[in-house]
Amino acid sequence: MKRRTSRAGAHRAPGPVRRLLPMLLLSLLVVALGVPAGMEIAPAFHGPDSTANAPTTPVPWQQAPTSLSPGGAGSGVITPLSASAPLPGPVPLAARLDDALKTDGAGTFSGVVQDAATGRLLFDRSGNEARVPASNMKLLTAAAALRILGPDRRFSTTVVAGSAPGTVVLTGGGDVLLGAGESAPDAVLGHAGLTTLAQETVRALQNDGAAGTVSVRLDDSLFTGPSLNPGWSPDDVAAGETAPLFPLALNSARFDPAQAAGPRPQDAAMSAAETFSARLTAAAAAAGLTVAPGVERVAAPAGDPPAGGQARGGARVLAEVQSATVGEQVDLLLRTSDNFLTEVIGRMSALAGGRPGSNDGAIDAVLAQLSGLGIPLDTLHAADVSGLAVGNRVSARQLSEVVRAITSGTDPRLRAALAGFPVAALTGTLGARYADASTARGAGLVRAKTGTLNTVTALSGYVVDADGRLLVFSFIGNGLAPGADNRTALDRAASALAGCGCR
């Protein structure tokens, strides 16, 4: 059976660029929307007055950028926004979108377009039909995590004193973006480094007057239940679309931080522990200590873990490093569509809500937060929180409402996800799209989460149209012919929105 093709590793920016994107994307968002830096997109956001159809030449704020560069209000290139920008007319809008949303062979598209400020439905093609969303599922998880964890939350990886003399215990607290080197404060991947953790551990041991040999143990018991979701295809796991889940890992369970595709370690926690042991060996030598070879797992300490997964059972903390913020991690998982990272964020959300750190706990946590946002759940079925499982069912209307909550809703914590949406032709999983004549109008303007499985494609996001109106949308294709080019149809539809006056 042919393996499903999913998002991991598709059209990602090089590693050094990824590390700069959170800051640069915020600047780009400011340029495109004309909002002063530091301000959130408010429910009243609209755009300039216009009564004509979309202009042939894009208006100033619609000029597609060719690179991610700083800018903002007062730069002389942004037309002041107005609260009286007209809405696209549903009939002419439907004519444009129906022309764009044609499948290449088998299958059908559903879709929804809404005005972000008012929620008014502008386009609806089977918008309430529950469909396989692929990685658009990550939008639900991102919103839930920002609500329950908060965008400023960090996860701790600690080393605690073991119960046996001369032992230290590396304890996973949910950070799977650990780096092997020293901590990199300006990075997301590698923000916390195992070399720094090892150096701090040696200093603590020296202060304790330790001598002789130190043994390393691993506590990765924060998560419970199966480490693999039963809804995932073994072929996808073997191909590296995800891996068994643990509460600590190097490089989001990648052998090499520069390689975002291919097989992953099947025991990411032990791989991280062995790297820590090697770094500890190097740091201990200068202190006259030795480190015993090998790493053993320890049983979970008595007592429940705290919400962040820090030291448990009253063990004394010798050293600690902290992850990038949840907001930064959400941006990364949206931009790169990383299934492993998304599932870990889901489990950490479950723990923060008092649920088990398991597959089921993560699903329950996400659904509870969606309910809190007022998203109707009667037709929604979640089989995982990353979208890799084909058992997920979400409607285009539900996805559009989640995007609207992020751009214009009442919970300001959700704004932290805005910079994570891939930008057409520039970043993330949209970086190599919007290059042909039928989609180029959307380059630099469309910001949307992608989703791809073998017979599924999806695109949900937001765009400012030619009149300055902020629109949110979701398009989902199911039952598509494997190998056919159906992503271009979604890109055409989103580009049509960007060029809209549509009256």
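Tutor: Let us begin with a single contact, bearing in mind that the model is predicted. The side chains of N339 and K138 make a polar contact at 2.7 Å.

Student: Why is the pair N339 and K138 called a polar contact?

Tutor: The cut-off for N or O atoms is 3.5 Å. The 2.7 Å between the side chains of N339 and K138 lies within 3.5 Å, so the pair counts as a polar contact.

Student: Where is N339 placed, and is N339 buried or exposed?

Tutor: N339 is in helix α8, residues 339-352. Its relative accessible area is 0%, and buried means under 20%, so N339 is buried.

Student: How do you know whether E401 is buried or exposed?

Tutor: E401, in helix α10, has a relative accessible area of 18%. That value is under 20%, so E401 counts as buried.

Student: Which residues does E401 touch, leaving out those up to four places away in sequence?

Tutor: E401 touches Q114 and I375.

Student: What makes the buried residues of α2 line one face of the helix?

Tutor: In α2, residues 90-100, the buried residues are L93, A94, L97 and A100. Viewed down the helix axis they fall within an arc of 125°, so they line one face. The face turned away from that buried side carries V91 and D99, which are exposed.

Student: What do the buried residues of α2 pack against?

Tutor: They pack against strands β1 (108-115), β2 (121-125) and β12 (470-478), and against helix α11 (487-498).

Student: Which residues have the most contacts inside the largest nonpolar core?

Tutor: They are L140, F276 and V330, in a core of 95 residues. Helix α6, residues 268-285, gives the largest share of this core, with nine residues. Apart from this core lies another, of 30 residues, including V113, Y434, A443 and C502.

Student: Which residues are in contact with L140, leaving aside neighbours within four places in sequence?

Tutor: L140 is in contact with V366, L370, L380, V394, L399 and V402.

Student: How many aromatic pairs does the structure hold, and why is the pair of F421 and Y462 called edge-to-face?

Tutor: There are two aromatic pairs. In the pair of F421 and Y462, the centres are 5.2 Å apart and the planes stand at 75°. The centres are within 6.5 Å and the angle is over 60 degrees, so this pair is edge-to-face.

Student: What makes this pair tie together parts that are apart in sequence?

Tutor: F421 lies in the loop between α10 (396-408) and β10 (447-453), and Y462 in strand β11 (residues 456-464), so the pair ties together parts 41 residues apart in sequence. F421 is buried, with a relative accessible area of 1%, and Y462 is also buried, at 1%.

Student: Why is the pair of F473 and F475 called stacked?

Tutor: Their ring centres are 5.4 Å apart and their planes lie at 25°. That angle is under 30 degrees, so the pair is stacked. Both F473 and F475 are buried.

Student: How many of the residues count as buried in the protein as a whole?

Tutor: Of its 503 residues, 58% count as buried. The protein has eleven helices and twelve strands.

Key
Residues are numbered from 1 along each chain as its sequence is written. This is a predicted model: local features need pLDDT of at least 70, side-chain atom pairs count only at pLDDT 80 or more; totals for chains, interfaces and linings use all residues. Side-chain values use heavy atoms; hydrogens and water are left out. Helices (H or I, at least four residues) and strands (E, at least two) are DSSP runs, numbered from the N terminus. Buried means under 20% relative accessible area, exposed over 50%, partly exposed in between (1.4 Å probe, protein chains only). A polar contact is a pair of N or O atoms within 3.5 Å; within protein, one must be able to donate a hydrogen and the other to accept it, and residues adjacent in sequence count only if both atoms are side-chain atoms. The arc is that of the directions from the helix axis to the C-beta atoms. Contact means heavy atoms within 4.5 Å. A nonpolar core is a set of buried Ala, Val, Leu, Ile, Met, Phe, Trp, Tyr and Cys residues joined through side-chain atoms within 4.5 Å. Rings of Phe, Tyr and Trp (its six-membered ring) pair if their centres lie within 6.5 Å; planes under 30 degrees apart count as stacked, over 60 as edge-to-face and the rest as tilted.
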